[in-house]
Amino acid sequence: MTAAQPSTSFQVDPIEFIDLKAQQKRIRHKIDARIQTVLNHGAYIMGPEVAELEHALSRFCGAQHTISCSNGTDALGMVLMAQNVGVGDAVFVPSFTFAATAEVVAWEGATPVFIDSDPMTFNMCPKSLRQGIARAMELGLTPKAVISVDLFGLPADYDALLPVCEEYNLWLLDDAAQGFGAKYKGRSLGTFGLATTTSFFPAKPLGCYGDGGAIFTDCDDLAQRLKSIRVHGQGDDKYDNKRIGINGRFDTLQAAVLLEKLAIFQEEIEARNRIAKTYNDALSAYVTVPVILDDCVSTWAQYTVVLPKHVKRDQVMSDLKQMGIPTAVYYPRPLHQQGAYAEYPTASQHLPVCEELSQHVLSLPMHPYVTAEQQEYIIQGVRSALS
Ligand SMILES: *Cc1c(COP(=O)(O)O)cnc(C)c1O
């Protein structure tokens, strides 16, 4: 079967899955100037742009403290280190996420317990979380913490998850690598639970030009511990080490780049939401389109639909590719079904929702600079690939 060309009468510019060039073109002169400033002052490690960015990020999300760091994975790991998570502790993580969410738990010798997804939002299911806690206790583990993920940029359901944490005396770490900039019931991510982390990997909604990440918290003590861990567990002076830490610093040059990207981030989130609405309106008769909880704003790190069960995903992807429409699968396998994580416990024998989702999800091109013509072309392409 070969795909028919969608019936568009206009020419479209080549479509990228995530287009970083369009944004750069818009602010290149400002980024260049910022980089020149760093080259002139030469403070490459923990220079003034790092502190400036941390303040700007705190203002942006409303958290008391922002601790920038090396990447989004280290950000998660640093919080676990600061909280002394270790052998015998259970940390509850969604299975339908990027590996980093669970990996950091294993780093600390603790046990990741995999939780199923909510079928509507794809985020951690509170009912499965309760089952996971029971399972951990059966196994003689100490339930310690929950790592929620705001998958594809949509906030997890904090009003449902936080009461479960409270009931079992667990603290919550929000892995907002995809969702930083999003809002849950009017409140920005960054202030839910004990701490929130994000990633500045280039393709994330707020990305720099290399690796980077940040941790947000309202807890003064935790912020102090994290700042120490970021520089090898440093104490009062450079050669006084209070605890085991890492080299977890964020580069000054990356902070300089990110300051200019942060300045247009809110506008970009709004653009992403307009595009997502256009996709949703045009595609809801063909696929299961993403759901946004009431009073929530997604950052649309991915625009991910669920294909009808009878549809062959590989065929749809190759048909779309022929039309010049790139797509991707996030994620083709949940973590509990992967070699590295197969031995860790799951909330129930199967995690049916995420096992099913992984078979049928498909992510479409999404970034703030998808033109109206490209949106229309993508919509027609998806419709024709499905008919
Ligand atoms: C990207 C991502 C991370 C890791 O961020 P890095 O900066 O690449 O280390 C962690 N969790 C989730 C959910 C992610 O999407």
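How many salt bridges does a search of the whole structure find? The search finds 12, where a salt bridge is a side-chain nitrogen of Lys or Arg within 4 Å of a carboxyl oxygen of Asp or Glu. The structure is a predicted model, in which local features need pLDDT of at least 70 and side-chain atom pairs count only at pLDDT 80 or more, while totals for chains, interfaces and linings use all residues. Residues are numbered from 1 along each chain as its sequence is written, and side-chain values use heavy atoms, with hydrogens and water left out.

**Figure 1. The whole chain.** The protein chain has 12 helices and 11 strands. These are DSSP runs numbered from the N terminus: helices are H or I with at least four residues, strands are E with at least two. The radius of gyration is 21 Å, close to the 21 Å that the globule rule gives for 387 residues, so the chain is as compact as a globular protein of that length. The radius is taken over C-alpha atoms, and the rule is 2.2 Å times the number of residues to the power 0.38. Along the principal axes, the C-alpha atoms fill a box of roughly 70 × 60 × 35 Å. Of the 387 residues, 56% count as buried. Buried means under 20% relative accessible area, exposed means over 50%, and partly exposed lies in between (1.4 Å probe, protein chains only).

**Figure 2. Glu-267 and Arg-26 meet in a salt bridge.** The N to O distance is 2.5 Å. Glu-267 lies in helix α9 (residues 265-283) and Arg-26 in helix α1 (residues 20-41), so the pair ties together parts that are 241 residues apart in sequence. Glu-267 is partly exposed, at 46% relative accessibility. Arg-26 is also partly exposed, with a relative accessible area of 34%.

**Figure 3. Arg-34 and Glu-260 form a salt bridge.** Their closest N and O atoms are 3.0 Å apart. Arg-34 sits in helix α1 and Glu-260 in helix α8 (residues 252-263), so this pair links distant parts of the chain, 226 residues apart. Arg-34 counts as buried at 18% relative accessibility. Glu-260 counts as buried too, at 13%. A network of salt bridges links Arg-34, Glu-52 and Glu-260.

**Figure 4. Glu-167 and Arg-130 meet in a salt bridge.** Here the N to O distance is 3.0 Å. Glu-167 belongs to helix α6 (residues 158-167) and Arg-130 to helix α5 (residues 126-138), so the pair ties together parts 37 residues apart in sequence. Glu-167 is partly exposed at 48% relative accessibility. Arg-130 is partly exposed at 36%.

**Figure 5. Lys-204 is buried yet has no salt bridge.** Lys-204 is placed in the loop between β8 (195-199) and β9 (213-217). Its nearest side chain of opposite charge is Asp-175, 6.9 Å away. Lys and Arg count as positive, Asp and Glu as negative; His and the chain ends are not counted. Leaving aside neighbours within four places in sequence, Lys-204 is in contact with Ala-177 and Ser-199. Contact means heavy atoms within 4.5 Å.
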